[in-house]
Structures are given as C-alpha cells and as structure tokens.
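Subject: Structure handover

Hello,

Here is the structure for your files. My notes on it follow below.

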Amino acid sequence: MSNTDENLRTPDELAMLEILEPEMKEIIVEGRGDQALLYWFLSCSKPEAEVAVFPVKERVLLDDDVVFAHGHTKGGRGSVITVAEIVEKIHPTGNRVRFVADRDLGALGIDKCPKLQNIFYTDYASMELYFYSEKTIGKMLKVALRGPSSLSPKLVLEAITPVLVSIFIIRSILRSMERPPKLASKVIENLQFTNDGHTLNVREAFSKSCKGVNVDSLVAKYDGVVIPDGLDMRHLIRGHDISGVLVRYITSIHGNLFREDRRHLAKASAMEICLISCLELTDIEGFGLFKSLAEFATTSH
C-alpha cells in the first residue's frame, strides 16, 4: 500500500496503462480510510490476488477545474468519478483499474452517480454505513467501552437514527444553495440526548449555519422532503456524522463510559476508527460492493 509521488499519473496516463500493463490491477478510492478498509478486505478474502489500492490524491494528478467541468464537486468523491469518466471514455473496455465512490446525497438526487463499467458505488450513502449495525456497534459498546449488558445497541440505533437522518436532510438543503455553507460544527457538538428524545432543532441548525438567510424558506424545504416508503435509512445518513452523534449520545446517557483509558474515544475521529476496526469479514462480504471487488480481484483478463 506504499504511496509516493512516483505513483502519480494523469487520467490519460492511467487509461494508457490499461494497454501497457493490463495484468496489473488497481482500485482507486476517495481517501485513506477507504483504502485501508478495502486493502484489509482483499487481503483477508482474496489473499492470492495482487491488487493495489490507492487514494485518488495519491494516484492521480487532477485539477479541480476538470472536476467542475465534469459537473462534480471538489473533493475525493468528485475526483474519483471524474477520473473514472475520463478513463472509460479513452478505454471503454479496460479491466485493469476500478474506482470506488460513495453514493452520498444520491438518494435525494443531489449527487450524481454516473453508470460506468469501471466504477463501483457503496451500497448505502457512504463507506462508514457498513459499520452502522447492531452487531458492530454492540461490539464497540461491549469491548471498546466495556459497557454493561443492559446497554442495547438496538436502542442506541433507534435513538440516533432519526437525528442522523435529520442532519443528512439539513446538509442536503445547505448543499442545494447557490453558495453552499457548511453545517455549523456546534449543531453536533452541542447536541444532547435524554431518555425521551434529543435537542436537535432544525430551525436553529439552519440559523447557526446560514447568517442573513431566510430560515423560514429552508425549514419549509426541510418539511417538504419526502422519504420514499421502504427506503433503508442508511441511504440517508452521512457517514462521518455517525461517530460524532454516537459520541454525543453516549456522553449524554452513559457519560461514565468515557473515563480513564476510554477517554480518547469521546473524540469523533477516534470513535470512527474504532467502529471501522470492529468490522469483521462476515459483516461486509455479502454486500454488492464487496462482491464486485472480490470478483474484480480474481477475474483474469
């Protein structure tokens, strides 16, 4: 998994490698967290396969202007999809490189998910949603936090899921604005839970994030969002919000669990790493993304 400047190529050069090095397979992902997870998955499920996994920034030379020209937003996701589009256009039948991108706001029709033969999308909104389950969160609660047997992962999920979905919809509305502001950090940092509910207030979230904007119109858009019947809520959760909201829930209801050697897990970044580390091969190998990656890794040209 070593990454140096020697690995950097333009999208055109990547396409040419389809011809020059057809036997050398690689997967290009959004960031280092995705890289680590997919590298672990392949090393466990297909140890005989030789597949390199790269974060897009450490593999591709790409200007933001090119990403914008392809109709995507700046960042790892936009870069991955843009490079996939360029490579497929140059070499539409190539089987040397595959790209992996999050669906993000695709469930609400905001983020584009072009259908390309060389790209795989996450089954849900993002890679982090693979650890959003009773089993994985239960393991974290019992092993990492040494929580009591009475602390039910099912109840934890039931408490935080509506909050995560609300934040996801708020973010989607902010993204649709002419000059998209970021969600104010205090919306999650100041969030409190009780045995009866939570303190998230949609109007306050917009007010804190958008100064000088008609908040009533934003709240009206929020109220007008219709979630399709039967849609799995994991399509409506931003992955990086999970650890932050989960920390706020545990701090509010079971704050004593973040004592002593577990204190560092009260940081969202550490909690996210902990949750990913709690994943087991059997938790993910049945999902469409990982089936596709396993097939790609072992299919001969």
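Helices (H or I, at least four residues) and strands (E, at least two) are DSSP runs, numbered from the N terminus.

This is a predicted model, in which local features need pLDDT of at least 70 and side-chain atom pairs count only at pLDDT 80 or more, while totals for chains, interfaces and linings use all residues. Residues are numbered from 1 along each chain as its sequence is written, and side-chain values use heavy atoms, with hydrogens and water left out.

Strand 1 (residues 25–29) pairs with strand 3 (residues 97–101) over three bridges, and with strand 2 over five bridges. In strand 3, Arg 98 is the bridge partner of Ile 27, while Ala 52 in strand 2 stands opposite Glu 26. Four of the five residues of strand 2 are buried, so strand 2 is largely enclosed by the rest of the structure. Buried means under 20% relative accessible area, exposed over 50%, and partly exposed in between (1.4 Å probe, protein chains only).

Helix 5 (residues 134–144) has Thr 136, Ile 137, Gly 138, Met 140 and Leu 141 buried. These buried residues pack against helix 6 (153–175), helix 10 (239–254), helix 11 (268–277) and helix 12 (281–284). Just after helix 5, Arg 146 takes a positive phi of about 50°.

Lys 135 and Asp 283 form a salt bridge at 2.8 Å, N to O; the term stands for a side-chain nitrogen of Lys or Arg within 4 Å of a carboxyl oxygen of Asp or Glu. The pair links helix 5, which holds Lys 135, to helix 12, which holds Asp 283, 148 residues apart. Lys 135 is partly exposed at 44% relative accessibility, whereas Asp 283 is buried at 16%. Both belong to a network of salt bridges that also includes Lys 139 and Glu 280.

Other salt bridges

The whole structure has 16 salt bridges. In one of them, the closest N and O atoms of Lys 74 and Asp 64 are 3.8 Å apart. Lys 74 lies in the loop between helix 3 (64–69) and helix 4, and Asp 64 in helix 3, so the pair ties together parts that are ten residues apart in sequence. Lys 74 is exposed at 59% relative accessibility, and Asp 64 is partly exposed at 31%.

Arg 238 and Asp 241 form a salt bridge with the closest N and O atoms 2.9 Å apart. Arg 238 is partly exposed at 32%, while Asp 241 is buried at 2%.

Met 233

Met 233 is in the loop between helix 9 (215–224) and helix 10. Its relative accessible area is 27%, so Met 233 counts as partly exposed. Not counting residues up to four places away in sequence, Met 233 touches Thr 161, Val 165 and Ile 227.

Regards

Methods:
Pairing = 2+ DSSP bridges. Contact = heavy atoms within 4.5 Å.
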